[in-house]
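Subject: Structure handover

Hello,

Here is the structure for you to look through. Please open it first, then read my notes below.

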Amino acid sequence: MKYICIHGHFYQPPRENPWLEVVELQDSAYPYHDWNARVTAECYGPNAWSRILNSQGRIIKIVDNYARISFNFGPTLLAWLQEEEPMVYQAILAAERESQVRFGGHGSAMAQAYNHIIMPLANSRDKRTQVIWGIRDFEARFGRPPAGMWLPETAVDLETLDVLAEHGIAFTVLAPHQAKRVRPREGGEWQDVSDGKVETTRPYLVSLPSGRSIAVFFFNGPISREIAFGDLLNSGERFAQRLLAAAWDAKGEPIVHVATDGETYGHHHRFGDMALAYALEQIESSSGVALTNYAAYLAEHPPAWEVEIQEFTSWSCIHGVERWRSNCGCNTGAHPGWTQAWRAPLREALDWLRDTLVPLYERMGSELFTDPWAARDDYISVILDRAEDNITRFLERWQGRTLEPDERVTALKLLELQRHALLMYTSCGWFFDEISGIETVQVLQYAGRVIQLAEELFGDRFEEQFLAILEKAPSNIPEIGNGRVVYERFVLPARVDLPKVAAHYAVSALFEGYPESTTIACYQIDRLAHDLQQAGRARLMMCQIRVKSFVTEESDTFNVAALHLGEHNVIAGVRGDHDERAYQKLVAALTASFARADIPETIRALDAYFQPATYSLRTLFRDEQRKILDVILASTLQEAEELYRHLYEDSQPLMRFLADLGVPIPPAFQTAARFTVNADLRREIESPQPDFERIDQLFREAETWHLDLDQHGLAYALQRALERAAERWRVTPEDPDLLQLLTGLSSVAPRLKEPVNTWHVQNIVYEVLHTVYPQMSWRYERGDDAALEWIHVFRQLCDALWIAVE
């Protein structure tokens, strides 16, 4: 028997705002909210419900790829999926359970070092925590201990392998050039394979200095490169044949295995998930060949050879691990001439910060914990469940004595400092080309959170020394200059403390109808007193609130006030105060002038009380800021739209006359037409009852005037409209009106140049095809005319969505 294993390393860097614990809006991921959402739509979801097509290109089967491949998911990505995409998350867990049945009790999921740091560049203590957190996170999600662990970027040294083996990891996977020399375990001469010529169809054993050992698989390099960087995924048939040919050519009972980023299957290569699904189907139907995973193969084929590895190597840097600490020349290739000389100062700054804080953490931590570092290793139990009773159980396990409430806050701040000191080493911070890129800004924000917590806890100043080192990191963008500017421009404005949370609440409460108790990001807001007044367009909100962090449990009470003068003009103030009389003083001071509509006096009163009132719309967290700006802009945009519409409607006869004469349409007319047609198309698509004749007319107008439509925006709007209609129809699939609506919306997709993501809608229609459609066919055969009409429209829907009915 020959064996084939396909491994996908599914990973996104942690993207959460370190102060809010939520992923904020990322405009570069448009039309999606953020890159996690975009890659989920393009890859993680499609691989759970992947399509197999017939010769006409129509869907005949929907399968779960995860159940038949080997895979690992980054723990921080799984945490995001659990909260934001629960259906995809549950599909991944279900696939792992199915793989255990498929592969003789051996699950296909592998663990991963927690937040994807380059393990050979980490100190021993951080390596240990990364492995422990990766294992504990895996066990909490998949309900079993992991047999294998994926090393970030396959970066390896002997100490890392020893930490894996110490914690019960049986195997890992490396690239072929990471093998140094091999020999049979039964004895014989060492064979040099440092040129990447290691035999990849068998496992090897690495003997470690501690006396432990671990198995290593070296994946097939050429085929893996063809998958990731070539055109092998253009055809599922070719993909399958490439793997099958390698298996048939190998001797004995080999394992032909490949490993790439999981995002290859759908994100990097559109429809790559479908090529994978088709290849898996072809391999399963081939005689003499079986799919497997690493744990299952290792159980039946223990290593007969041993290997010595090349330390400080990785799969994505030909210079070893230099990509994450020097200007080695490895980059994305997108910006010829750019330097990555910023990488070394970035690591130097982070190393200085981490090492400076170690003795301070140990000294203060020893006053609270029986073992500060063991407490850090166990802190993953809190990260996985921040319920108050779980935090109490954790502290009871590690506290040296019963902690007072303020000491409990200090203990949690110490551990959060350590969590962010690990997160700031996430590998993507060095991988790309520019220090001001979103991945590097992300790790600098984690460092910013470390600095904030350290200065609160220890009272010393750390930021200036950190920035002095970071200033040595050059940016490729002249107006940015260096790492200090990146920090000052992108990290400091993102920093949050309790007063800033209170300010966010004050400003947003002018536009949001908050209940007495609400949650904003990772903060609990309790409203203790509230007054709202209006004078013409101006509105004044005053309240007393209590703000508490779910993460550190720190809390405080604030008096806040916000004045909205119309449009984007907002003034707000925050003052920490527990005194009810102080709040009443605030109300009295502001109400007197505001009741007279004396706005200047009201502003002076605000400044006098808050000394001064310095918060505005700029204070808002990014998502809420964008949401409120949309509300503010709505009326202005509506006025602009009306102006454009009048110009377009009034100028159409002249535009047609000019077109008949072959005279170019004036740019002002083109702009009015483009704005109006785009706005009307979006409005009709998003309408609960779209006018499809009107939509058709608008597309014809766009063609007539050669208008540049917002293809991305319209495609996303259509996707969301289809998904809303499909979810409604899923509840009552026999409803003919909802079926007609869904069919009509589906017919709009071919009119757009940008492909519409109908993946979720296809899943629902495919489900109905196998549940409701047989029932309707049975009713039609017995003379039900309504069933006949339903079948007719349903077939049209399947045709529009490229689903084979028979």
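Let me start with one pair. Asp 579 forms a salt bridge with Arg 581, with the closest N and O atoms 3.5 Å apart. A salt bridge here is a side-chain nitrogen of Lys or Arg within 4 Å of a carboxyl oxygen of Asp or Glu. Asp 579 is partly exposed, at 30% relative accessibility. Arg 581 is exposed, with a relative accessible area of 67%. The cut-offs are these: buried is under 20% relative accessible area, exposed is over 50%, and partly exposed lies in between (1.4 Å probe, protein chains only).

A word on the source. This is a predicted model, where local features need pLDDT of at least 70 and side-chain atom pairs count only at pLDDT 80 or more, while totals for chains, interfaces and linings use all residues. Residues are numbered from 1 along each chain as its sequence is written, and side-chain values use heavy atoms, with hydrogens and water left out.

Side chains of opposite charge can pair when their charged atoms come close. How many salt bridges does a search of the whole structure find? It finds 63.

One of them joins the side chains of Asp 231 and Arg 238, at 3.5 Å from N to O. Asp 231 is partly exposed, with a relative accessible area of 42%. Arg 238 is partly exposed too, at 40%.

Glu 416 and Arg 419 also meet in a salt bridge, at 2.8 Å from N to O. Are these two buried or exposed? Glu 416 is buried, at 0% relative accessibility. Arg 419 is buried as well, at 6%. They sit three residues apart in helix H14 (residues 405-423), so about one helical turn separates them. Helices (H or I, at least four residues) and strands (E, at least two) are DSSP runs, numbered from the N terminus.

There is also a network of salt bridges. It links Lys 61, Arg 68, Glu 98, Arg 102, Glu 281 and Glu 284.

Two helices

Next, look at helix H16 (residues 438-458) and helix H17 (residues 463-470). Their axes come within 10 Å and cross at roughly 155 degrees. Axes are lines fitted to C-alpha atoms, for helices over the stretch in contact, and angles run from 0 to 180 degrees between N-to-C directions. H16 and H17 are therefore roughly antiparallel to each other. Angles over 145 degrees count as roughly antiparallel, under 35 as roughly parallel, 65 to 115 as roughly perpendicular and the rest as oblique.

Which residues make the contact? H16 brings Leu 444, Ala 447, Ile 451 and Glu 455, and H17 brings Glu 463, Phe 466 and Leu 470. Contact means heavy atoms within 4.5 Å.

A covered strand

Strand E4 covers residues 70-73. Ser 70 and Asn 72 lie on one side, Phe 71 and Phe 73 on the other, and all are buried. In a regular strand the side chains alternate between the two faces of the sheet.

E4 runs parallel to strand E1 (residues 2-10), and four bridges join them. His 9 stands opposite Asn 72 in E4. E4 also pairs with strand E5 (residues 109-112) in the parallel sense, over two bridges. The bridge partner of Phe 71 in E5 is Ala 109. Two strands pair if DSSP finds at least two bridges between them.

One last residue

Gln 711 lies in helix H25 (residues 711-731). Gln 711 is buried, with a relative accessible area of 16%. Not counting residues up to four places away in sequence, Gln 711 touches Leu 752, Lys 753 and Glu 754.

Best wishes
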